[in-house]
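Please read this report alongside the sequence and the model.

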Amino acid sequence: MKFIEFKTLFIKNFLSIGDEYVEVNFQKGLNIITGSNKDKEDRRNGVGKSAIADAIYFAVFGSTLRDIKKDFISNNLINDGASVKLCFSVIDETTQREVEIERTLNPSKVFLTVDGEDKTLDSISNTNAFIESLLSTNQEIFKNCIILTINNTIPFMGMKKQDKRKFIESIFNLEVFSKMLDLLRSDMSEVKNAFNVESTRLSENKNNLDELNSRSIIFEDERKARLDKYLNRQNNNKVEIQELNEYFEKYEKKSVASLEEQMKASNDSINKVDIKINDFHKSITKLETIVEELKKQYKKMGTKDNKCPVCLKSVDSTDKNHIKDEKEKLKLLIQENIEEINRLNKDLEQFENVKKFVNKQLKNTSKKIKNVLVEETNYVNKEQRKKQLEEWLITLEEDIESVKTDKNVFTDLIKEIEQKTKDTNEKIEKIKNLSKVLDSVKFVVSEEGVKSYIIKKILELFNNKINIYLSKLDSNCTLLFDEYFEEKIINDKGIESCYNNFSGAERKAIDLACMFSFMDIRRLQGDVAYNLCLFDELFDCSFDEKGVELVLEVLKERIETFNESCYIISHRKESIKAATGEIVNLEKRNGITVRVDFKEE
């Protein structure tokens with residue numbers, strides 16, 4: 001059996017609880033959760049007592065019993081994220097594991113540690129599922145076996161018939177039959193599909209035999225066509241290789257080194273000629289500038305200027321001969337410079353002709369080099385072409401051999417399909433036999449089969465347990481479930497009644513009897529037991545003094561028998577007297593709930 005021992009609860013910024021941790025150390029005995037509302041004198045409601053039940057539930061499942069939206073779970077006065085941590089032990093026959101769950105809001109996170117090791121999974125939903133497996137519980141079991149908040153959640157007897165049935169099956173560990181039945185239905189569906197598939201396959205095989213004969217003839221025709229194609233390619237490739245070999249025999253490799261030397265010499269000559277041509281251009285330009293200047297001087301001589309343009313002396317009648325002589329000198333000097341320019345132009349023309357000649361030689365040499373390189377590239381390409389053709393010849397030989405040895409697979413396929421047809425018939429016979437077996441299994445796991453037998457045995461004990469607790473609670477009815485989990489409630493007058501026909505106290509007695517019975521059945525089945533049970537406002541409505549007394553007797557008996565920690569949330573002062581354990585005293589002031597020491601009034 002697995003035993004869950006809840007140890008400690010820490011609550012912060014959760015509902016009305018503020019940023020000062022409220023800590024609850026779960027203790028054996030009957031413990032009372034009470035408190036006072038200082039914001040409303042002489043009031044014990046609205047303190048935040050139910051926040052403890054919600055916090056336990058929130059730690060395990062990430063939601064509250066009262067289905068409060070997450071936006072309103074964090075304390076709106078503190079404006080900080082809520083935090084709840086629950087510590088418990090998971091004890092079985094061989095091990096004891098210490099588990100801590102911590103949940104926060106803003107941001108929403110869950111942290112799970114087992115024996116100090118982080119066991120938080122990749123998502124909150126996956127971590128929640130792992131927590132439920134550790135506790136062997138779900139939300140409905142938790143609400144009806146650990147925390148009973150009759151005024152805020154739907155008790156077991158108030159559930160819809162389908163939900164009630166599902167819950168009882170989970171308590172009795174009977175989901176396996178439903179799962180087996182689902183698997184069986186899936187298997188039967190698969191068997192039916194398999195039968196249809198094999199029947200279709202059998203029909204297809206018969207149709208394929210006719211087609212294979214015609215395809216065999218087509219195969220032989222195609223093989224001959226492929227062989228002719230490969231032989232033709234082989235012959236063409238051999239002819240081309242022969243032509244390439246003849247080319248290689250005639251090919252003479254030429255060197256471009258001498259031609260490159262010629263190009264270098266030609267480029268050097270051109271550079272030298274360019275230098276001379278440049279010098280000629282400079283000299284000619286210089287002489288042309290001088291001639292222009294001399295012409296300007298010559299033009300100014302003999303003008304009306306009062307100074308000689310040559311010697312800058314004042315011109316008078318005695319200087320006319322001198323001006324004439326000077327003009328003749330300028331004229332002669334201009335002529336000499338022009339003649340020198342003409343001579344330089346002739347020499348320039350000769351050098352330019354030389355440059356044209358050398359450029360022509362250079363172009364011819366470049367063309368020769370290019371032709372040599374083109375021939376070399378052509379040679380390399382033909383070598384690659386020959387290599388490619390030789391590789392193709394090898395592939396063609398393989399293809400030709402493959403075509404020659406290619407077996408007509410259709411003959412074998414016909415034999416294979418005949419064998420498949422035989423196998424398919426055998427499979428159909430096996431499927432028919434399996435279908436008969438599954439029909440038998442279906443009855444075994446159905447409501448009328450073994451499941452019904454097991455349920456009747458468990459229900460005998462379960463009904464007995466419920467009615468023992470109803471008797472202890474002095475209930476005026478008996479409650480029985482049949483193998484279909486249909487309940488029958490008989491009142492003290494022997495008349496069959498409905499759950500909702502009873503008073504609040506009577507319904508609460510039925511709910512408690514069911515809860516205690518569920519817990520006992522789980523213990524008896526060796527499944528799981530919890531050290532904690534919590535009741536919200538158990539004594540605050542419905543029950544009279546005698547009813548409260550009877551409930552207390554049952555609770556104290558269970559505490560002693562099962563070593564339980566029983567917590568009762570109550571705002572009645574007289575409830576405190578029933579405590580055999582601790583008093584969890586809460587106080588609400590300025591909208592914030594804190595835990596304070598209990599002082600008897």
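## Helices H10 and H11

The crossing of H10 and H11 is left-handed. A crossing counts as left-handed if the near helix is turned anticlockwise from the far one by less than a right angle, and as right-handed if clockwise. H10 covers residues 504–524 and H11 covers residues 545–562. Their axes come within 12 Å and cross at roughly 10 degrees. Axes are lines fitted to C-alpha atoms, for helices over the stretch in contact, and angles run from 0 to 180 degrees between N-to-C directions. H10 and H11 are therefore roughly parallel to each other. Angles under 35 degrees count as roughly parallel, over 145 as roughly antiparallel, 65 to 115 as roughly perpendicular and the rest as oblique.

Which residues meet? From H10 come Leu-512, Phe-516, Met-519, Asp-520 and Arg-523; from H11 come Val-551, Val-554, Leu-555, Arg-558 and Phe-562. Contact means heavy atoms within 4.5 Å. By class, the contact of H10 with H11 has seven nonpolar, no polar and three charged residues. Ala, Val, Leu, Ile, Met, Phe, Trp, Tyr, Cys and Pro count as nonpolar, Asp, Glu, Lys and Arg as charged, and the others, Gly among them, as polar.

## Basis of the model

This is a predicted model: local features need pLDDT of at least 70, side-chain atom pairs count only at pLDDT 80 or more, and totals for chains, interfaces and linings use all residues. Residues are numbered from 1 along each chain as its sequence is written, and side-chain values use heavy atoms, with hydrogens and water left out.

Helices (H or I, at least four residues) and strands (E, at least two) are DSSP runs, numbered from the N terminus.

## The six-stranded sheet

An open sheet of six strands runs in the order S8-S13-S14-S3-S15-S16, with mixed pairing. Its edge strands are S8 (147–148) and S16 (592–596), each pairing on one side only. Two strands pair if DSSP finds at least two bridges between them. S8 and S13 (residues 532–536) pair in the parallel sense over two bridges. Leu-148 has Phe-535 in S13 as its bridge partner.

H10 packs on this sheet and touches S8 and S13. The direction of H10 makes about 170 degrees with that of S13. H11 packs on the sheet too, touching S3 (29–37), S13 and S14 (565–569). The direction of H11 makes about 125 degrees with that of S3.

S4 (residues 83–91) and S5 (residues 96–104) pair in the antiparallel sense over nine bridges. They form a hairpin with four residues between them. Ser-89 has Glu-98 in S5 as its bridge partner. S5 also pairs with S6 (residues 109–114), in the antiparallel sense over six bridges. Val-99 stands opposite Val-114 in S6. S5 and S6 form a hairpin with four residues between them, and Asn-106 in the turn has a positive phi of about 55 degrees.

An open sheet of three strands has the order S9-S10-S11, with antiparallel pairing. The edge strands are S9 (477–481) and S11 (496–497), each pairing on one side only. S9 and S10 (residues 487–491) pair over five bridges. Phe-481 has Glu-487 in S10 as its bridge partner. S1 (residues 2–12) and S2 pair in the antiparallel sense over four bridges. Phe-10 has Glu-23 in S2 as its bridge partner.

## Buried residues

Is Asn-31 buried or exposed? Asn-31 is buried, with a relative accessible area of 0%. Buried means under 20% relative accessible area, exposed over 50% and partly exposed in between (1.4 Å probe, protein chains only). Asn-31 sits in S3. Not counting residues up to four places away in sequence, Asn-31 touches Ser-565, Cys-566, Tyr-567, Ile-568, Gly-581 and Glu-582.

Ile-241 lies in H5 (residues 175–250). Ile-241 is buried at 12% relative accessible area. Beyond four places in sequence, Ile-241 touches Lys-386, Leu-389, Glu-390 and Leu-393. Ile-241 and Phe-61 are 180 residues apart in sequence and 83 Å apart in space, C-alpha to C-alpha. Leu-184 is also placed in H5, and is buried at 5%. Leu-184 and Leu-438 are 254 residues apart in sequence and 7.3 Å apart in space, C-alpha to C-alpha.
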